[in-house]
Amino acid sequence: MATDLRVSLTDRCNLRCTYCMPPEGLEWLPKPELLTDDELLRLIRIGTTRLGITEVRFTGGEPLLRRGLTGIIAGSTALNPRPHTALTTNGIGLARTAPALAEAGLDRVNVSLDTLDPVVFEKLARRRRLDDVLEGMAAAASAGLTPVKVNAVLMRDVNDHEAADLLRFCVEHGYELRFIEQMPLDAQHGWRRDTMITADEILGRLETEFTLDAADTGTRGSAPAELFHVRGLRFPDGEPATVGVIGSVTRPFCGACDRVRLTADGQIRNCLFAREESDLRTPLREGATDDEIAERWKKAVMAKLPGHGINDPSFLQPARPMSAIGG
């Protein structure tokens, strides 16, 4: 059953990360094609009241660019049953908006942070915004949007030497770090398996400086991250430090996946790597009932393939890049 709904609020982003899009950006979706705030809230309500959705994660592009964000969050947290809510962001603008997001009922945030070096940040993101990201993370923690989880992608010969530094920084500030294998979701279709930093390599880099002990043996469930205790390190509150590794490519967890994605233009995707989508926007705008939309949604989820097939020679990268799918 898909109980975790990832809702993309926009395909736009204010960074140009090399593993996501070209320097000039992409052709954004026209505004009439985007779901309105009311349409988004109706679909979230259908998901939570009729389809068993218990968690809603707002994504992008960059969701902080959505003007109606706080209203969408407030509307979602007012639902009965109330879903747990989270937001995945690059952190730019979070210092300004964190208090309002918390007031609207948002439970926590995930922030992308691949480096602590301003020069490397500019090389990766093509923008000089590292300080904004760090300030946003601190503001989120102060506003109670915790645990603040940090998503990091290591790129070979770019930032792969920073694994230990990122872990120390996150533990020192009380953030929960998750390393994610680079996935074939870039708009340029330049991803290559032989240049990707694998989960085994990530762990190897960490183990040069830390001793890691498996923390979730037999209890991982549908969580995408394999968790490890970091021996000798503790969070500021005294709890044992942990680090997660999400091996979406080399250690797939498709059998336990409970996620379904709603794009900003109203398409249901039953897998991050799906090449087919189910249109909810058209029936929504043509007057379909909640029951009819729920049935269409259920059929889309039931058609999910048993795996993403990245290891298969016939694998084809999705036509949409990550910024248009939502994480």
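Start by selecting Asp132: setting aside its neighbours within four places in sequence, this residue is in contact with Gly91 and Ile92. Keep in mind as you click around that the model is predicted.

**Stop 1: around Asp132**

With Asp132 still selected, colour by secondary structure, and you will find this residue in helix 5. Is Asp132 buried or exposed, or something in between? Its relative accessibility is 27%, so Asp132 counts as partly exposed. Next, pick Asn90 and draw a C-alpha to C-alpha distance to Asp132. The two residues are 42 apart in sequence, and the distance in space is 9.5 Å.

**Stop 2: helix 3 against helix 5**

Select residues 94–104 for helix 3 and residues 130–142 for helix 5. Two packed helices are described by the angle between their axes and the distance between the axes. Here the axes come within 8 Å and cross at roughly 20 degrees. An angle under 35 degrees counts as roughly parallel, and helix 3 and helix 5 are therefore roughly parallel to each other. The crossing of helix 3 past helix 5 is right-handed.

Which residues make the contact? On the helix 3 side, show Leu94, Ala95 and Ala98; on the helix 5 side, show Glu135, Gly136, Met137, Ala139 and Ala140. Colour this set by class, and you get six nonpolar residues, one polar and one charged.

**Stop 3**

Move on to helix 6, residues 163–173. Which of its residues are buried? Select Ala163, Ala164, Leu166, Leu167, Phe169, Cys170 and Val171. An α-helix has 3.6 residues a turn, so residues three or four places apart point the same way.

Now bring in what the buried residues of helix 6 pack against. Helix 5, from the previous stops, is one of these partners, and helix 7 (199–207) is another. Before leaving, click on Gly174, which follows helix 6 and has a positive phi, near 80 degrees.

**Stop 4: the whole chain**

Finally, zoom out. The chain holds 10 helices and 12 strands, and buried residues make up 55% of its 327 residues. If you draw the contacts between residues at least 6 apart in sequence, 73% of them join residues at least 24 apart.

Definitions and conventions
Residues numbered from 1 in each chain as written. Predicted model: local features only at pLDDT ≥ 70, side-chain atom pairs only at ≥ 80, totals over all residues. Heavy atoms only, no water. Axes fitted to C-alpha atoms, helices over the stretch in contact; angles between N-to-C directions. Helix = DSSP H or I, 4+ residues; strand = E, 2+ residues; numbered from the N terminus. Parallel < 35°, antiparallel > 145°, perpendicular 65-115°, else oblique. Left-handed = near helix turned anticlockwise from the far one by under 90°. Contact = heavy atoms within 4.5 Å. Nonpolar A, V, L, I, M, F, W, Y, C, P; charged D, E, K, R; others polar. Buried < 20%, exposed > 50% of the residue type's maximum accessible area, 1.4 Å probe, protein only.
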